[in-house]
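Me: I am new to this structure and would like to learn how to read its features one at a time. Could you take me through them, giving the idea first and then the case at hand?

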Amino acid sequence: MSISTRLGPRDALLQERPEAAALREYRSFLLFPDAIDELLAEGGVIVDATFGAAAGAAELPLALGRLRDAASAAVDEGARHVIVSDRAAGAARVAIPSALAAGAVHHALLGRGSRLRTSVVVDCADVREAHHAACLVTNGVDALCPRLALESIARLAATGRLGGGVEGTAAQLNFFKAIEDGLLKIMSKMGISTLDSYRGAQIVEAVGLGPDVVDTCFPGVASVIGGLRLEDLAEHVLERHRSAYAVTPSLINTGMIKHRSGGEYHAINPDVVDALQSTVGLKDDGTTPEMEAAHALQRAAAGDDASYRRFTDLVNGRPPTEPRDLLELVRAGAPVPLDEVEPVAAITRRFSTGAMSHGALSAEAHETLSVALNMIGGMANTGEGGEAPERFSDDRNSGIKQIASGRFGVTPAYVAHARELQIKMAQGSKPGEGGQLPGKKVTVEIARLRHTVPGVALISPPPHHDIYSIEDLAQLVFDLKQANPGAAVSVKLVASEGIGTIAAGVVKALAEVVHIAGGDGGTGASPLSSIKNAGLPWELGLADVQESLVANDLRSRTRIRVDGGLKTGRDIVVAALMGADEFSFGTAALIAEGCILVRTCHRDTCPVGIATQNPTLRAKFAGTPEMVARYLTLVAEEARLVLASLGLRSLEEAVGRTDLLKQRSQDESGAGRLDLSRLLVGPGTATARFTGVVPLQRPRSALGDLLFEEAIGPLREGATQELTYRITTADRTVGARLGCAVAVQAAAPGGRVIARFEGEAGQSFGAFLFGPVELHLTGEANDYVCKGMGGGRVAIQAPSNDAGDPYLVGNTVLYGATGGELFIGGRAGERFGVRNSGAVAVVEGVGDHACEYMTAGAIVILGPTGRNLGAGMSGGEAYVYDPDDELAANLNHQLVAAYEPAAGQLQSLKRVIELHAAATGSAIATTLVEEWDALAPMFKRVAPVAEVARLEELFEGTAAAWV
């Protein structure tokens, strides 16, 4: 990836001349003040981004107009660099927020067709975080100088307030590095690798900005519900200016990240936490939590619970914090008696927990949620990272098992024990990012479940790194339906612009559930910038999805689930009226089992034993399933009361009834400027709720089912059987149903099935294979061979009439495999062994990116390798036959290196190659075995470098302090 930038006039793309190269090139988009002086010296012009304080808020739009005109005039006069600067700010002049100023200049020059004739550089006092820099760059800025931040750091260093003896320049460089890393993270999760591609791309959405702000400064940026005008923003700026230049200046800590009395309102504040935990019996009054929870459940059934009423008063009566806080409920008719409303159990069946992994959470906290949801008929969500097999057969089993793309602990048994399999395409509090688990939380226990290495941080690339298209998603949906025919498949999306179109594609890919995650939450796996600046409220996503699915006649066969800050029964009813069928609880469920929001989850120091793997801290966990069940039962009871007041008898009647919602009247400032009409579009005469799954959504692989039917009996009886089939590319995911069935009910001693296929296999041949099952293919196979393989053996060889040097399998082979053996008597495509977590494979040549993100297992490559072998590889090993000494040029040296194999390793390697020769008849394998003493020295062993833990500590601060 690159954050380099070039400054100066650009030539037209279709002409070429030497003068076009006369550009200044910088390693980074962040500049020191002396670089600004250099730009001024070579033809840069400052345009003033301030306005007079005395003129008041009405002056900001006029100042932006003057700023645009000044920038345009400077370019017309030949300015090589337009420097948007607020350095003139002082007691009499107010700085225009740099995002507004730079956006106005960039779009003014674009509109005149003169943007390429200059570079736009910002010299400002309000950039402090990676998000601030990202907003400027994505809205057209070429480079920026965070002047005040640099001056502040220098002052702190000079007065010794930074600690560690760091001097000013080093501290400033550290600050630059932090901002640069933050922007790289933001770019990477969008699939963008260069600053040139991110600049001006407007990969951003606005919440709460009115049309005049967007039209003036951010044309093209979505702002669905409107909001503040330029004059409103000016009032905020002037308020800060008056505070700064008062007789006694004050620097206010608003508590944006962590609650601070008198600061920014937090939806989960100490009063809310106390009220909820009093409700579930966590507050000490002399009784045990278990007894208090039992008594409280009885009080709830009798409709008597003052603590819960205090909790709902705090949440439902809070100042406008989310769009739903601006909505009023409208009666459908006269209220109905409460005993005519569906029971609590019918509502709690629609509940689930958010995807919080065992790893982010301790085993005790994770299991408590699972038991609680099973108690009330709902489903807990495992999150990404697997689940202990011993939980599958008792009340700790999580009904929803998240598989992301099929990695980190996704075994055949894991898949087989799910009621629902969830494909994570996005995460609410950090959309576009993969999971992040610090190395100190990757204990031996967690590494065992995830088939990885203890002490090494687990940072999954963004989901789009593994699912490139709707076809890839549809194939994964198909795979899961073959592997576990009884499980529904859901796809988790994040609330964002255009989610409705994506949801329509998801349903057409045959998923039964669309899960919409709001931007709230995060169990310590989210960077602070993502918690605050990524994702939209679920209300916006739900409205878009509901409208799109209704318009495309897809709503009736789809359940919609929402999560993100849900807390009360009113939240549930509002979500249902907007179109949701089901509801997930994250942070609130954790609070119900004892979370006190210390916000150090990522540090593994949770004092109540929830977000930690430290045994000492885990021993402090005091939560019980009864507490969580009690809280969710009270939520359902409140929902019943709200339904009764509206004249409705069930949540089913409420789903999609946007006519029972209206926007509250507000004053004309702040939240009153929002327009929620886009969220309340009615369905007309179309179906607006789920009515049932259609047969199309339960596709079958006829050959896969035939293999299961003919093989499962002999396996259970302990017999050995050989089967023969003709296979075509229409036969996808053959072997998955049999593999998962064997994982649930082990084969009897002596049971063995050898299935021989001839032809061209479709995608995912041998996926989720397990047990004493062998698949032998004479022919070739498509992508995803042995995806999620947990055991068994697959052998693929060329037909007898093949011309030689065949390519026998496609891309992404052994994706997320946790065991088993694969022998390929020919070459493979790209990303061979990606995320392999335990399988052993032999192949006779691979394309680019082999062994990518591999964590365990062994890959033997008896032919040429493509570029970038071993990228992100943190475990396992690869043996490469390298007679021409070409491996070094193709190796990714970031985490792996090539070594000379030891004698014992060569003995094991020879045995594996002998198996490969026997399974495929490979000529190269036969030659290697016959001439072993002469050819063995030509093998290189690729493995993670010995310093991997030190590198983790150096670059991420995540090396395990204990294991």
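Reply: Let us begin with how open a residue is to its surroundings, keeping in mind that this is a predicted model.

Me: With which residue does arginine 689 form a salt bridge, and how far apart are the closest N and O atoms?

Reply: The partner of arginine 689 is glutamate 652, and the closest N and O atoms of the two are 2.7 Å apart. Glutamate 652 belongs to helix α25 (residues 651-654), whereas arginine 689 sits in the loop between β21 (661-663) and α26 (702-717), so the pair ties together parts that are 37 residues apart in sequence. Glutamate 652 also counts as partly exposed, at 27% relative accessibility.

Me: How many salt bridges does a search of the whole structure find?

Reply: The search finds 53 salt bridges. One of them joins the side chains of aspartate 76 and arginine 112, at 2.8 Å from N to O. Here aspartate 76 lies in helix α2 (residues 59-76) and arginine 112 in helix α3 (residues 98-112), so this pair ties together parts that are 36 residues apart in sequence. Aspartate 76 is partly exposed at 44% relative accessibility, and arginine 112 is partly exposed with a relative accessible area of 41%.

Me: In the salt bridge between arginine 147 and aspartate 123, is arginine 147 buried or exposed, and is aspartate 123 buried or exposed?

Reply: The side chains of arginine 147 and aspartate 123 meet at 3.1 Å, N to O. Arginine 147 lies in helix α5 (residues 147-158) and aspartate 123 in strand β7 (residues 119-124), so the pair ties together parts that are 24 residues apart in sequence. Since buried means under 20% relative accessible area, arginine 147 is buried at 15%, and aspartate 123 counts as buried at 1%.

Me: Which residues are linked in a network of salt bridges?

Reply: The network of salt bridges links Arg6, Glu25, Arg115, Asp142, Asp196 and Arg199.

Me: Now to the surface: which residues gather in a patch of negative charge, and which form a nonpolar patch?

Reply: The patch of negative charge on the surface gathers Glu758, Glu760, Glu780 and Asp802. Of these, aspartate 802 is placed in the loop between β25 (790-797) and β26 (819-824), and is partly exposed with a relative accessible area of 34%. The nonpolar patch is formed by Met256, Ile257 and Leu528, which together have about 260 Å² of accessible area. Leucine 528 has its place in helix α19 (residues 528-533), and at 51% relative accessibility leucine 528 counts as exposed.

Me: Why is helix α18 described as largely enclosed by the rest of the structure, and what covers its buried residues?

Reply: For a whole helix one asks how many of its residues are buried. In helix α18 (residues 499-508) 7 of the 10 residues are buried, so this helix is largely enclosed by the rest of the structure. The buried residues of α18 are Ile499, Gly500, Ala503, Ala504, Gly505, Val506 and Val507, and their cover includes α17 (470-483), β17 (488-494), β18 (513-517) and α20 (538-551). After α18 comes leucine 510, which has a positive phi, near 85°.

How values were computed:
Residues are numbered from 1 along each chain as its sequence is written. This is a predicted model: local features need pLDDT of at least 70, side-chain atom pairs count only at pLDDT 80 or more; totals for chains, interfaces and linings use all residues. Side-chain values use heavy atoms; hydrogens and water are left out. Buried means under 20% relative accessible area, exposed over 50%, partly exposed in between (1.4 Å probe, protein chains only). Helices (H or I, at least four residues) and strands (E, at least two) are DSSP runs, numbered from the N terminus. Contact means heavy atoms within 4.5 Å. Patches are made of residues with over 30% relative accessible area and no salt bridge: like charges are joined within 9 Å, nonpolar side chains (Val, Leu, Ile, Met, Phe, Trp, Tyr) within 5 Å. Accessible areas come from the Shrake-Rupley method with a 1.4 Å probe; for residues, only the protein chains shown count as cover. A salt bridge is a side-chain nitrogen of Lys or Arg within 4 Å of a carboxyl oxygen of Asp or Glu. Lys and Arg count as positive and Asp and Glu as negative; His and the chain ends are not counted. The place of a charge is taken as NZ of Lys, CZ of Arg, CG of Asp or CD of Glu.
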